[in-house]
Amino acid sequence: MSATTAPGASPVAVNQQASAPFSPPAFLFGGDWSPEQWDPRTWREDIELMRRAKVNTVSLGIFSWSALEPAEGVFETDWLHEVIDLLTDAGIGFFLATPTASPPPWFTLSHPEAMPVTAQGVRLTHGSRDTYAVSAPAYREASRRIARMLAERFGQHPGLSGWHLHNEYGTLDHGPEAARAFRSWLRDRYGSLDELNRHWSTAFWSQGYGDWEEITPPRATQYLHNPAQLIDFRRFSSDEMRAAMVEQRDEIRAAGSSAPMTTNFMLPEWNHLEQWGWADELDVVALDHYLDTPGPDAEAHVAYGSDLARSWSDGPWVLMEQNAAGIALGDRTVVKSADRMIRHSLGYIARGSQSSLFFQWRASLGGAEQWHSALVPHTGGTSRRFEAVCELGTILERIAPAVRPPSEGPLVEAEAGILWHADGWWALETPHLPSDAITYSDEVRATHRSFWRAGIPVDFVRPGSDASRYRFLVVPCLYPLSDAQVTWLEQYVDNGGELLVTFLSGISDPSLRIAPDGYPGRLRTLLGVRVEELRPLPAGEEVALSTGAVVEEWTELVDTVDAEPIAQYTHGDLCGLPAITRVARGAGHAVYLSARLRQESRDAFLADTAQRLGILPTLPGAAVRGLEAVRRRSSGADHVFLLHHGTESVTVRGEGRDLISGRDTAQGLDIEPGGWAVLALSPAEVLEIVEG
Ligand code: GAL
């Protein structure tokens, strides 16, 4: 990611050298602010509250299109100038969004063809948000126009921390505009219809295409879709949205603004982007992270989102949104306690976030999200909730020394990696796989959870990237693999890595055509195995392995070719046959896990493997006590973030100081359940737990 220099220097302006990591002078604190929903008296009250809480950054304009351009080509920005002046006087910086996620009603009426069409053929209209056909020329033109206008009027502002392009790209369109663009994308990818027919296996069910015009997006059809068409449509949609984002970026640059560019990716369940390629186009990755469980797994999920964002960004990243006080569960929203909100904010920062930004600053009184939580709740600034927000502001100010990324080396040092690619996600969403119980998201998250539970730092790894710093690389359920990716994995092992491949990886080529002569065809040689049959288990059935590990959902009939079994199945038809195998190759080893280990068994297996490889937790003995320890490097010092999710007080000792409480840690520092500390240590300093 290449970074650029923001002009001027407000208290929070981001001053960067070209190619430097995203490096604001303080952690960015604040959230989405929607002054267009409020009167000017409330703006002033908001600024006062922001100052009280030490907010230094807001995101403006995300859904302001109708306020900024009330009629086609008519721009009204006086209100935004006024708002920005108020912010600037208060020393508060801002991300400025292009409002293109929510075209206004006039746009729909004058450009009905630019509204998206669902797979069922329903053309949507305004009334909500995210309603646009990304391939429609009118939408693209209107988006470029408003981006350009904003850049011309605000692009040089010294308070501009960065550009927030669009909001959570992800509307899929199946209409005529998408069909046209999809065909063009396919022509570029395959060159000829013969190639496309071959890659899409169109001999099956009489789907041979004789003309490009015959090809459509995967619209509602009688029975199962062609999986190759489905995955290509997902790739196309990601590329098409990326092209729209790049156009906005270029328009803004052409208008002379050099502020950093980002767009907010979304987790956990909404995955319409191929994140590595998108990150290449941005100065910094931003993530919106919403928890999906109120239970203890929420803490692991914070770490998961953060490690993904840091990896995609290849360094510091921006937490653009988190829920201030709620965890939305679909049918209800449960409260996120104030101390948990603070712990989570520190958790994101520990793993590389340069910010603690929220959706949203002030809770709306009307509109679709009037019950969404905010830093300023409906009850206003006189509330316990707001006191906690002020406390977070003070904490972020105290930990400011941690904000500067190290001059070299990673922000968080990890020797273990997990391979990630959106293709794996999209492949396992195609229909009629051997089991719908296996999802890419669950498998990757379960793998990450095991490392988190062991207290071992982990990165996500881009296929084809330099993986030499990882002694251990796990490939969970990456179903399609290209030739280049297979060669890259082979080289990783040849060069001394320990590769762990799980079931449902390397099954097919990128067009989801199964590699023949035994599974996992693309990796059979590397793994030294030949799987004859995939054997999903009925729901609820469990199988034990010879190591005592428990398996659910998935087993396989595995023959070892060159590999040695390291665990066997112990019941039924597979009794005595290999479940986990390992083979030496070059300077490294390749392990195959043919079964889906239950979480606790997966935890034990991954922790044992890491230990065998000499990969240590950040603070030995911490995770088992519920104490999360993350070492974030900065120039000159390391900062160990201690977040206590457990139930008993833990004492740590090491030569250093807690930046939050100011306490010295040489004689021992007690961390109470639910508590936190950020210790500044010299890079060589070892921290230990004092056994009590
Ligand atoms: C995000 C979105 C915000 C808001 C939030 C609610 O995905 O970017 O605008 O809708 O969800 O949780």
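Predicted model: local features only at pLDDT ≥ 70, side-chain atom pairs only at ≥ 80, totals over all residues.
User: How much of the ligand does the protein bury?

Analyst: For Glu321, the corresponding distance to a ligand oxygen is 2.9 Å. Taken alone the ligand exposes 310 Å². Of that area, the protein buries 91%.

User: By class, how many charged residues does the shell around the ligand have?

Analyst: The residues around the ligand include Arg129, Glu168, Asp288, Glu321 and Glu369. Asp, Glu, Lys and Arg count as charged. The shell also has four nonpolar and two polar residues. Its count of charged residues is five.

User: Which strands are at the edges of the open sheet of six strands?

Analyst: Strands of a sheet pair through backbone hydrogen bonds, either parallel or antiparallel. Here the pairing is parallel and the order is β5-β4-β3-β2-β1-β11. An edge strand pairs on one side only, and this holds for β5 (261–262) and β11 (355–358).

User: Which residue in β2 is the bridge partner of Asp32?

Analyst: Strand β1 covers residues 28–32 and strand β2 covers residues 57–60. The two strands pair in the parallel sense over three bridges. In β2, the partner of Asp32 is Ser59.

User: Where is Gln360, to which the peptide bond from Phe359 is cis?

Analyst: Most peptide bonds are trans. The bond from Phe359 to Gln360 is cis, with omega near 5°. Phe359 is also among the residues around the ligand. Gln360 itself is found in the loop between β11 and α12 (384–398).

User: What is the phi of Lys54?

Analyst: Lys54 lies in the loop between α1 (40–53) and β2. Most residues other than glycine have a negative phi. Lys54 is not a glycine, yet its phi is positive, at about 65°.

User: How many residues does the contact take from domain 2?

Analyst: The domain assignment gives domain 1 as 28–172 + 235–398, domain 2 as 416–612 and domain 3 as 625–690. Taken over C-alpha atoms, the centres of domain 1 and domain 2 are separated by 37 Å. Their contact takes 25 residues from domain 1, and from domain 2 the number is 19.

Key
Residues numbered from 1 in each chain as written. Heavy atoms only, no water. Pairing = 2+ DSSP bridges. Helix = DSSP H or I, 4+ residues; strand = E, 2+ residues; numbered from the N terminus. Near = heavy atom within 4 Å. Polar contact = N/O pair within 3.5 Å; in protein donor to acceptor, adjacent residues only side chain to side chain. Areas by Shrake-Rupley, 256 points an atom, 1.4 Å probe, with all protein chains shown as cover. Domains from an automatic or database assignment. Contact = heavy atoms within 4.5 Å.
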